[in-house]
Amino acid sequence: MKGKYFYLTPGICPSLSTMKAILESAGGKLVAKQPSYRKIMEHKQNKNLPEIILISCDNDLHLCREYFMKNIDVHNAEFILTGVLTQKLDYESYPLPEHYDSVTARI
(Lines give C-alpha, C1' and ligand atoms only; values in the text may rest on other atoms or scores of the structure.)
Protein backbone atom coordinates (compact mmCIF):
# COMPACT_ATOMS: atom_id res chain seq x y z
CA MET A 1 0.00 0.00 0.00
CA LYS A 2 3.04 2.20 0.32
CA GLY A 3 3.03 5.09 -2.11
CA LYS A 4 -0.69 4.81 -2.86
CA TYR A 5 -3.56 7.11 -1.91
CA PHE A 6 -7.00 5.76 -1.08
CA TYR A 7 -10.39 7.42 -1.02
CA LEU A 8 -12.98 5.53 1.05
CA THR A 9 -16.66 6.39 0.85
CA PRO A 10 -18.30 7.09 4.25
CA GLY A 11 -20.42 3.92 4.47
CA ILE A 12 -17.48 1.54 4.08
CA CYS A 13 -17.42 -1.55 6.27
CA PRO A 14 -15.27 -2.13 8.30
CA SER A 15 -15.67 1.42 9.55
CA LEU A 16 -13.76 4.35 8.11
CA SER A 17 -11.61 4.62 11.26
CA THR A 18 -10.74 0.90 11.15
CA MET A 19 -9.91 1.00 7.44
CA LYS A 20 -7.81 4.13 7.96
CA ALA A 21 -5.78 2.35 10.66
CA ILE A 22 -5.30 -0.69 8.40
CA LEU A 23 -4.26 1.43 5.41
CA GLU A 24 -1.85 3.61 7.34
CA SER A 25 -0.23 0.62 9.05
CA ALA A 26 0.40 -0.82 5.57
CA GLY A 27 1.94 2.44 4.31
CA GLY A 28 -1.08 3.81 2.43
CA LYS A 29 -2.48 7.31 2.79
CA LEU A 30 -6.13 8.26 3.12
CA VAL A 31 -7.54 11.04 0.95
CA ALA A 32 -10.09 12.96 3.03
CA LYS A 33 -11.98 14.66 0.19
CA GLN A 34 -13.65 12.79 -2.66
CA PRO A 35 -11.33 13.23 -5.66
CA SER A 36 -12.69 14.58 -8.93
CA TYR A 37 -12.36 12.69 -12.18
CA ARG A 38 -9.79 15.28 -13.25
CA LYS A 39 -7.68 14.70 -10.12
CA ILE A 40 -7.77 10.91 -10.58
CA MET A 41 -6.70 11.23 -14.22
CA GLU A 42 -3.94 13.68 -13.30
CA HIS A 43 -2.52 11.12 -10.84
CA LYS A 44 -2.96 8.29 -13.33
CA GLN A 45 -1.14 10.11 -16.14
CA ASN A 46 1.69 11.60 -14.08
CA LYS A 47 3.90 8.78 -12.80
CA ASN A 48 5.45 11.18 -10.25
CA LEU A 49 2.10 11.39 -8.44
CA PRO A 50 0.75 8.54 -6.31
CA GLU A 51 -2.07 6.40 -7.64
CA ILE A 52 -5.50 7.16 -6.17
CA ILE A 53 -7.55 4.02 -5.50
CA LEU A 54 -11.29 4.30 -4.88
CA ILE A 55 -12.95 2.04 -2.31
CA SER A 56 -16.70 1.94 -1.77
CA CYS A 57 -19.63 -0.31 -0.87
CA ASP A 58 -23.10 -1.09 -2.21
CA ASN A 59 -24.75 1.51 0.05
CA ASP A 60 -22.51 4.27 -1.34
CA LEU A 61 -22.85 3.50 -5.06
CA HIS A 62 -24.67 6.80 -5.59
CA LEU A 63 -21.44 8.57 -4.57
CA CYS A 64 -19.59 6.80 -7.39
CA ARG A 65 -21.86 7.72 -10.33
CA GLU A 66 -19.28 9.94 -12.02
CA TYR A 67 -16.60 7.26 -11.71
CA PHE A 68 -18.84 4.57 -13.21
CA MET A 69 -19.91 6.83 -16.07
CA LYS A 70 -16.24 7.53 -16.89
CA ASN A 71 -15.09 3.91 -16.46
CA ILE A 72 -12.94 4.57 -13.38
CA ASP A 73 -12.41 1.43 -11.29
CA VAL A 74 -14.03 1.35 -7.86
CA HIS A 75 -13.20 -1.54 -5.53
CA ASN A 76 -14.80 -2.93 -2.41
CA ALA A 77 -13.17 -3.22 1.04
CA GLU A 78 -11.87 -6.73 0.29
CA PHE A 79 -9.38 -5.12 -2.07
CA ILE A 80 -7.63 -3.55 0.92
CA LEU A 81 -8.15 -6.36 3.43
CA THR A 82 -6.88 -9.06 1.09
CA GLY A 83 -4.11 -6.78 -0.15
CA VAL A 84 -2.80 -6.31 3.37
CA LEU A 85 -2.91 -10.04 4.10
CA THR A 86 -1.25 -11.11 0.86
CA GLN A 87 1.01 -8.04 0.48
CA LYS A 88 -0.26 -7.72 -3.11
CA LEU A 89 -2.98 -5.55 -4.66
CA ASP A 90 -5.36 -7.60 -6.81
CA TYR A 91 -7.02 -5.10 -9.14
CA GLU A 92 -9.19 -7.76 -10.81
CA SER A 93 -10.91 -9.64 -7.99
CA TYR A 94 -12.78 -7.02 -5.94
CA PRO A 95 -14.45 -4.46 -8.23
CA LEU A 96 -17.83 -2.92 -7.61
CA PRO A 97 -20.11 -3.03 -10.66
CA GLU A 98 -18.26 -1.43 -13.56
CA HIS A 99 -21.14 0.48 -15.08
CA TYR A 100 -23.54 2.71 -13.25
CA ASP A 101 -26.33 1.53 -15.59
CA SER A 102 -26.08 -1.96 -14.11
CA VAL A 103 -26.62 -0.70 -10.56
CA THR A 104 -29.32 1.94 -11.01
CA ALA A 105 -32.05 -0.59 -10.39
CA ARG A 106 -30.67 -1.23 -6.90
CA ILE A 107 -30.45 2.43 -5.93
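The lining of the largest pocket comprises seven nonpolar, three polar and four charged residues, where Ala, Val, Leu, Ile, Met, Phe, Trp, Tyr, Cys and Pro count as nonpolar, Asp, Glu, Lys and Arg as charged, and the others, Gly among them, as polar. The model is predicted, with local features requiring pLDDT of at least 70 and side-chain atom pairs pLDDT 80 or more, whereas totals for chains, interfaces and linings use all residues. Residues are numbered from 1 along each chain as its sequence is written, and side-chain values use heavy atoms, with hydrogens and water left out.

A pocket is defined on a 1 Å grid over the protein atoms alone as an open set of points where a 1.4 Å probe fits, with protein on both sides within 12 Å along at least five of seven lines, and lining residues have an atom within 4 Å of a point. The largest pocket holds about 250 Å³ of space, the volume being that filled by probe spheres set on grid points joined across faces, edges and corners. Of its 14 lining residues, K44, E51, I52, I53 and Y91 lie nearest the centre, and strand 3 supplies the largest share, four residues.

E51 is located in strand 3 (residues 51-55), strands being DSSP runs of E of at least two residues, numbered from the N terminus. With a relative accessible area of 30%, E51 is partly exposed, a class lying between buried (under 20%) and exposed (over 50%) for a 1.4 Å probe and protein chains only. The side chain of E51 makes a polar contact with that of K4 at 3.2 Å, such a contact being a pair of N or O atoms within 3.5 Å, of which, within protein, one must be able to donate a hydrogen and the other to accept it, and residues adjacent in sequence count only if both atoms are side-chain atoms.
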